[in-house]
Amino acid sequence: MKSRFDVIVVGAGPAGSTAAYTLAKKGFDVLVVERGRSPGSKTLYGGRVYAKPLKEIYPEFEKKAPIERWVKKERMTFMAEGGSLTLEYSSKTSTSFTAYLSKLSEWMASQAEEAGAVIVTDVRVDSFLKEDGRITGVRAGQDEVRAGVVIDAEGVNRLLLERLGWVPKLEKSQVALGLKETYRLGSEKIEERLGLGKKEGMAWFMIGSATGNIPGGAFLYTYQNTVALGIVVFLHKAVEHAQQHIFEYLEELRLSPPFSNLLKDGVLVEYGAHLTPELGLKLKPPRLYGDGFLIVGDAAGLLLNLGYTVRGVDFAAYSGYLAAQAIEKAGGDYSARSLSIYEDMLEESFIMRELRRHVRVSKLMENERFFTTYPELAFALAHRLFEFEETSPTFLEAFRETTKGRVSKLRLLLDMLEVARGP
Amino acid sequence: MTIQQLKKLKVDEALNANVWDVDEEPHIKVDFSKCVECDTKPCVRLCPAGCFTLLDKEVLFSYEGCVECGTCRIVCPKDAVDWNYPLSGRGVQYRFG
Ligand SMILES: Cc1cc2nc3c(=O)[nH]c(=O)nc-3n(C[C@H](O)[C@H](O)[C@H](O)COP(=O)(O)OP(=O)(O)OC[C@H]3O[C@@H](n4cnc5c(N)ncnc54)[C@H](O)[C@@H]3O)c2cc1C
Ligand code: SF4
Ligand code: SF4
C-alpha cells in the first residue's frame, strides 16, 4: 500500500464513509482505515434514520440504500408498575426509515469505494502521527501512513483524541448505555401483530418503568423480518441506581406484555450494546479542527437526543459531508486556521441549528421526574378515568386524585410550562 | 439459536446468538489489586456482556464475550481497566447492529 494519501479517514461509520465518499467524488486520494473486519461490523444503534440529509448527499439514496421499512407508525408508551398508557401516531407519509446500521455503514463504505476511496479493514489505528505540532498521519502497529489531512471519525469512544490530549477522558455523565436484542419474526407476523402494511415500519419509544428504577428509555424498531427491542440508560444514573445486572432490565422489559406476546416464536439473532453521547453539546470538543485534522460524527459530539428519538446517523453523515467540503475549500492549506471553515459551515447548517434549538430538551432530560413521576402519573390518570367501579370521575377529579401526594401542583405547573415553552 | 422464551435469558445465552472471532490475547486488562479496594464494583452490574463477575467477593474478568462498548473503562472509579479495542477485526461481528 502507498504510504501517502491526500486524506486519511479513521473509522468507516456513517461519518467517516460519507466524508470519504464526498472527497473521492471530488477527486481526492482517500484512505479509510476501519478496525472491524468489514465496515459496520462494530456499529450498533437503535433503528431509525431521518432521510433528508442522506438524500442530499447520495444520489438515488432511497432506491439504492439498504432501507428496511419506512416508518409510518410511531408509538409512545408511559409504563408504570400497574400497566401502561400508549399514544399511537399513524401517517400516510414518512420522512424516516429503519435500517441495520451494520448494513447501512457497509453500503456507505461501498459507495466511497466505488467513488475511488481505498478502504482498509481489520486495522486498528493506535495513534495519530504528530510532527512539528501538526497531525501528519496515523500509526497502526509498526505501520505509518501519512496524509495532508486526517479526519477523525472514530465514534463515541475517542481513544485517539484522548491519547492526543485533545479531549479529556470520557465521563459517565456524558454518555448513555444502550442494549439491544434483535429477534427474527418474519415479515408477516410483524405486519400482522403491529397492524403494518408491507414495507411499513414502526418506531416505538417507552418511558417510565420500561427501564425499571433507572432513568432512561426503551425502544422497539421493526425491520423487514426482525424486530429490535432495547433499553438506553443514563450511565451515571445506572451506576447509582442499578440493583441487578443491567441485562436483566432488558429481559424484564421483553417478558412484560405487550412485548412477550409481540415477540412470540421469535428467534434471537443478535444481542449487543453500545455507548451514545448523552446530552447534545456536552461532548463537543471546544474545537473540531486542528493543524492537519478535523473531527466528525459522534467523536465530535454531534448527536441530537430528543428523548423520544435519537438523530445520530444523519448528523454524523452530514458532518462528514461538510468536512469534505471544508477540505476542498481549504485548497491544500490544512492549517487549523484554514480548516476552521469546517466549524463555520457546521454553524450555518441544520446540525448546529438543531443542536442549539434543542439545548433545552437536554435540560429537561436532566429532570428525573420526566422518567419516573410523570410516566407513572400519566398511567394513574388513565387508570382513574377508565377503570372505575361505580362513580365515574370527571377529568378534573381524576387529575386531582392522581396528582395528590405524587408531585406538588406548583412543581407540576413549572415543569409543564418548561415543556410548553418549546425548543 | 434461542427461540424467544418466557423466562429470562442469561446474558451468556443471549451472547451465544452472536458471531464472534475471539482474539487469543485479551484486549482489556484489569488490575485486580485495585478491585480489592473498590466497594461499589459498578463493572459487575453494568458490563452488558457480563464479563465481570464476583466469586466470593473477588472480581473475575473474562474478555471473550466483550462487545467492545467501553462501559467498564468509564464506570471504574479506580482506573483499574486498561482498555483497548481488539486487534485486527477480532471480537464481536455485528450483522444486525
Ligand atoms: C443504543 C443506541 C441507539 C441509537 N439509536 C439511533 C437511531 O435510532 N437513529 C440514529 O440516527 N442514531 C442513533 N444512534 C446514534 C448513532 O448510532 C450514531 O450517532 C452514529 O453511529 C455515529 O456515527 P459515527 O460514524 O460518528 O460513529 P460510529 O458509527 O460509531 O463509527 C465509528 C467507526 O470507527 C471505527 N473505529 C473506532 N476506532 C477506531 C480505530 N482506532 N481504528 C480504526 N477504526 C476505528 C469503528 O469500528 C466504527 O466503525 C444510537 C446510538 C446508540 C448507541
Ligand atoms: S469497577 Fe474497577 S476497581 Fe471496581 S471492581 Fe470493577 S474493575 Fe475493579
Ligand atoms: S467493553 Fe463493554 S462489554 Fe467489554 S468488558 Fe467492558 S463493559 Fe463489558
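This is a predicted model: local features need pLDDT of at least 70, side-chain atom pairs count only at pLDDT 80 or more; totals for chains, interfaces and linings use all residues.
Visitor: Where do I begin with two chains that touch?

Guide: Start by asking who takes part. Here the contact takes 59 residues from chain A and 47 residues from chain B.

Visitor: How much area is buried between chain A and chain B?

Guide: About 4600 Å², and carbon and sulfur atoms give 53% of that area. On the side of chain A, Arg124(A), Glu270(A) and Tyr271(A) supply 14% of the area that chain A buries against chain B, more than any other three residues.

Visitor: How many salt bridges does the rule find across the interface?

Guide: A salt bridge pairs a side-chain nitrogen of Lys or Arg with a carboxyl oxygen of Asp or Glu, within 4 Å. The rule finds 8 of them between chain A and chain B. One to look up joins Arg95(B) and Glu270(A), whose closest N and O atoms are 3.4 Å apart.

Visitor: Which element gives the most to the side of chain A that touches chain B?

Guide: That is strand E15(A), with 9 residues. The elements giving two or more residues include helix H4 (101-114), strand E11 (175-184) and helix H8 (246-254) of chain A, along with E15 (267-277) itself. Sorted by class, the residues on this side of chain A are 25 nonpolar, 14 polar and 20 charged.

Visitor: Now a pair of helices, please. At what angle do H12 and H13 of chain A pack?

Guide: To read a helix pair, look at the angle and the distance of the axes. Helix H12 (residues 341-348) and helix H13 (residues 350-357) of chain A pack at about 60°, with axes 4 Å apart. H12(A) and H13(A) are therefore oblique to each other. In this contact, Leu346(A), Glu347(A) and Glu348(A) of H12(A) meet residues of H13(A), among them Phe350(A), Ile351(A) and Arg353(A). The classes come to 4 nonpolar, no polar and 4 charged residues.

Visitor: Is the peptide bond from Pro257(A) to Pro258(A) cis or trans?

Guide: Look at omega: the bond is cis, with omega near 5°. Pro258(A) lies in the loop between H8 and H9 of chain A.

Visitor: And what is the phi of Asp265(A)?

Guide: Asp265(A) has a positive phi of about 70°, although it is not a glycine. You will find Asp265(A) in the loop between H9 and E15 of chain A.

How values were computed: Residues are numbered from 1 along each chain as its sequence is written. Chains are lettered from A and ligands numbered from 1 in the order in which they are written. Side-chain values use heavy atoms; hydrogens and water are left out. Contact means heavy atoms within 4.5 Å. Buried area is the accessible area (1.4 Å probe) that two parts lose on being put together, summed over both. Ala, Val, Leu, Ile, Met, Phe, Trp, Tyr, Cys and Pro count as nonpolar, Asp, Glu, Lys and Arg as charged, and the others, Gly among them, as polar. Axes are lines fitted to C-alpha atoms, for helices over the stretch in contact, and angles run from 0 to 180 degrees between N-to-C directions. Angles under 35 degrees count as roughly parallel, over 145 as roughly antiparallel, 65 to 115 as roughly perpendicular and the rest as oblique.
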